[in-house]
Amino acid sequence: MKLRLRIASLSAPLIALAISFGLSSLILLFIGKDPVETFQIMFEYGTKGKSIVSIINRSIPLYISAIAVAVGFKMGLFNIGVEGQYLMGSLIAAFVGSQFSIITPIHILFIILIAVSSSALWAAIAGYLKVKKGIHEVISTIMLNYIGTGLISYSLTNIFDEPGSDYELPRTPELPESGKMPPLNNLFNLEDLQDLHGFVFVAIIVGIFYYWLVWKTTLGFDLRITGSNPVAAKFSGINPNRLIVVAMVTSGGFAGLVGLGPLLGYFHRFTIDFPTGLGFAGIGVALLGRNHPFGMAVGALLFAFLERSSQILDLNDVPKEIEQMMQAFILLIVVVFYEIIRRFIVKQQIKDASKKVET
Amino acid sequence: MTKNIYKFLLKRYVVITPILLVLVVAQIESYSQLTTSGTFGAAVRLAIPIMLAGLGGLYSEKTGIVNIGLEGMMIMGTWFGAWGGYTFGAWQGVFIGMLGGALFGLIHAIATVSFQVDHIVSGVAINILAAGVARFLNVIAYQDVAFASSTASPRIQGDIGRLTVPYLAGGKINDNETFNLFGSIEDLDLFLVSDAAGLVLGFLSNISHLTIFALALIPLSVIVLWYTPVGLQMRSVGEYPSGSESLGVNVYLMKYFGVITSGALSGLAGSYLVVAGTGTYLEGQTGGRGFIGLASMLFGNYKPFGILMGSGLFGFADALQLRSPDAVHGLLIVISIFLFVLTLKNFYEKKYRVSVITLILSGGFLIWFLNSTSIPNQFVYFTPHITTLIVLSFANQRIKLPEKIGVPYKKGELN
């Protein structure tokens, strides 16, 4: 692709950002707040050292969740069930991981394995229902989210609850010391700040792995070709049913990693207030980052920045919920602009090609 | 003739066996709640929002636009319905809720029709946007109002009004009690007859005026979509847009019309939850009912009366979940026997592996039934959702989708 067109395709998210900020400013004006001042407060708070660590920590699960969604998106499969899948995986991994103790790297690797496989299994149900029963994955994964929530809350209370605990609410036993991921503060000389989760390395590895999987392997090629032209894919000998199940299971496998950042780095057990909503947030990040490993990283950091920096707003008498609106605006506008720019690029390419033919 | 009826029944065994089993199980004292008029009444109340969402999905999908955003439009309906109800009154709330849903329908239409964004991507974005907007609006609208929080609105004013049919269901005429025909039949406790009377009574007594309005939309939709020129144009746009274009149909206009109607109906579904249900907006109140509505549309094979049937089924599951968790326990034996019937069928058709699996499952449910007296609350909570999955996995093979569903259409492009 020519440089000119590359720049054009990058302009979509920037335009979307600008418009969303404009819309949010209008809303702020409407409720009688000064937008410039509000954004200034947000920016100042969001770029403090403490906030930056928190933003990185928040962006880890967001990023992995986006990757889980993106694996499906690449072939036109909409896994809306990352939410249920990661909670399921985190609960089982938190319980199994708390039952024994071995040296740290093996222990953590084992917890990761448990989480990935249980989430992948849960996701496989949706794949099965689509292939064998023809139920669209959006409906089945949404329903499985509700079913999962029920199963999780039942098993947390009745099966995985810490025995003999005097804590009122159900929770799994705490992970032993060997199952906790050490923070990275010593590595970067951040003694006076809160813990920077060690899982950030895993997130980077997952990003690279995702890139390799989708752009450098046969499976990835099959995914991409099915996404861009299902008919051509079928004629090239790809078995769509098998691919649907494989994509669903892979997506679920990535989903299993979503909850592990918070679990290994901070919570060390599964409780009622374990972070939820990361699966849905991941869909937004994947759409914003166009399923590209780098784009999604930027998207995850951006959303994490908005979330963190909006925390200060309540102190300044601005409802912090404006941030959720901003995220949603960015999302909706960016999908529209991606489509506009895509059509523009196709037109340009046709023009260039016809010019070549003429000369 | 008799043979045909027999064949018809055998073909529909998936629907008929569970119904019969439920009727039989309902004769047992502790599960009698399964078929009382109270349960059916609740089923009607819970089915209406699902039906309206399903009908909304129908209008959109008939014009070729997939509408995953039903849930978001429903959320808008709940918020605007509650806001309108609190500020102006119940019926005004319903109307404003519909407008709120229609507004989001318009956004979906702009994205998918004018800009050809992928329908599911846009729908997902709509759902996320709706959740954020509802939260934000709720915070800024009720800042100084008592009994409101960031996730709940104050109560709406006034009441939508209720109707109990006189003579048949014991309604009042000029404040005089009348005879309750179906009520007395239900009290007789006759097999099948009393259960049927309970079903009818559920439809006739204490029915919200809004329910009547909503039910009237079913035949109205049949007329609009199948017996008017506009309906024909809408359906043709979903089947063969470039052909319609060549005949002078304004494809974009029809698609806009379908999606906005879809939004308005989902908004109505949302405001029904508030105005005829809780009386306040609560965050997360829709609980996936927009998606269940979509499922009921698929179950109903894109036909309004089919949607009514489907939503009735899901409403029934929801009603059991809310009203009589104990009766849900009785469903375990129903599932067990039904799986056993499936085993026999598969065995007869020489599908031995499947029949072994269903036999094991059937035994599992039987053991669960015998070894427990109730189902844990957490399981009861997802009854409607698992019903959706089970029903769809049996019903899905015979669906006739609109030909160009989900395919973006741009004027002047052949596709």
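What percentage of the 415 residues of chain B count as buried? The figure is 51%. Keep in mind on this tour that you are looking at a predicted model.

**Stop 1: chain B as a whole**

Select chain B and hide the rest. Its secondary structure comes to 18 helices and 4 strands.

**Stop 2: helix 12 of chain B**

Next, pick residues 251–278 of chain B, which make up helix 12. This helix has 28 residues and runs 40 Å from its first C-alpha to its last, close to the 40 Å expected at 1.5 Å a residue. Look along it for S271(B), where helix 12 of chain B bends by about 30 degrees. Colour by burial and 24 of its 28 residues come up buried, so helix 12 of chain B is largely enclosed by the rest of the structure. Step just past the end of the helix to G279(B), which has a positive phi of about 85 degrees.

**Stop 3**

Move on to residues 304–323 of chain B, which form helix 14. Its 20 residues should span 28 Å at 1.5 Å a residue, and the end C-alpha atoms agree, being 27 Å apart. Helix 14 of chain B is mostly covered too, with 15 of its 20 residues buried.

Then zoom in on K350(B). You will find K350(B) in the loop between helix 15 (325–348) and helix 16 (352–370) of chain B. Its phi is near 65 degrees, a positive value in a residue that is not glycine. Is K350(B) buried or exposed? K350(B) counts as exposed because it has 7 C-beta neighbours inside 10 Å, and the cut-off for exposed is 12 or fewer.

**Stop 3: chain A as a whole**

The C-alpha atoms of chain A fill a box of roughly 80 × 60 × 40 Å along the principal axes. A compact globule of 359 residues would have a radius of gyration near 21 Å; chain A has 22 Å, which agrees. Of those 359 residues, 47% count as buried. As for contacts in chain A between residues at least 6 apart in sequence, 78% join residues at least 24 apart.

**Stop 4: two buried residues in chain A**

Select I111(A), which sits in helix 5 of chain A. I111(A) counts as buried because it has 23 C-beta neighbours inside 10 Å. Leaving aside residues up to four places away in sequence, I111(A) touches A93(A), G97(A), G179(A) and L264(A). Draw a C-alpha to C-alpha distance from I111(A) to G97(A): the two are 14 residues apart in sequence and 5.6 Å apart in space.

Now go to H268(A), in the loop between helix 11 (260–267) and helix 12 of chain A. The phi of H268(A) is near 60 degrees, which is positive in a residue other than glycine. With 21 C-beta neighbours inside 10 Å, H268(A) counts as buried.

**Stop 5: where the chains meet**

**Stop 6: the nonpolar cores**

Last, select the largest nonpolar core, which has 207 residues. Y63(A) and V335(A) touch the most other members of it. The most residues in this core, 15, come from helix 12 of chain B. Apart from this core lies another, of 5 residues, including A197(B), L201(B), L204(B) and I207(B).

Not counting residues up to four places away in sequence, Y63(A) touches A203(A), G207(A), V285(A), M296(A), A297(A) and A300(A).

Definitions and conventions:
Residues are numbered from 1 along each chain as its sequence is written. Chains are lettered from A and ligands numbered from 1 in the order in which they are written. This is a predicted model: local features need pLDDT of at least 70, side-chain atom pairs count only at pLDDT 80 or more; totals for chains, interfaces and linings use all residues. A nonpolar core is a set of buried Ala, Val, Leu, Ile, Met, Phe, Trp, Tyr and Cys residues joined through C-beta atoms within 7 Å. Two residues are in contact if their C-beta atoms, placed from the backbone, lie within 7 Å. The expected span of a helix is 1.5 Å times one less than its number of residues. The bend at a residue is the angle between axes fitted to the seven residues ending there and the seven starting there. The radius of gyration is taken over C-alpha atoms; the globule rule is 2.2 Å times the number of residues to the power 0.38.
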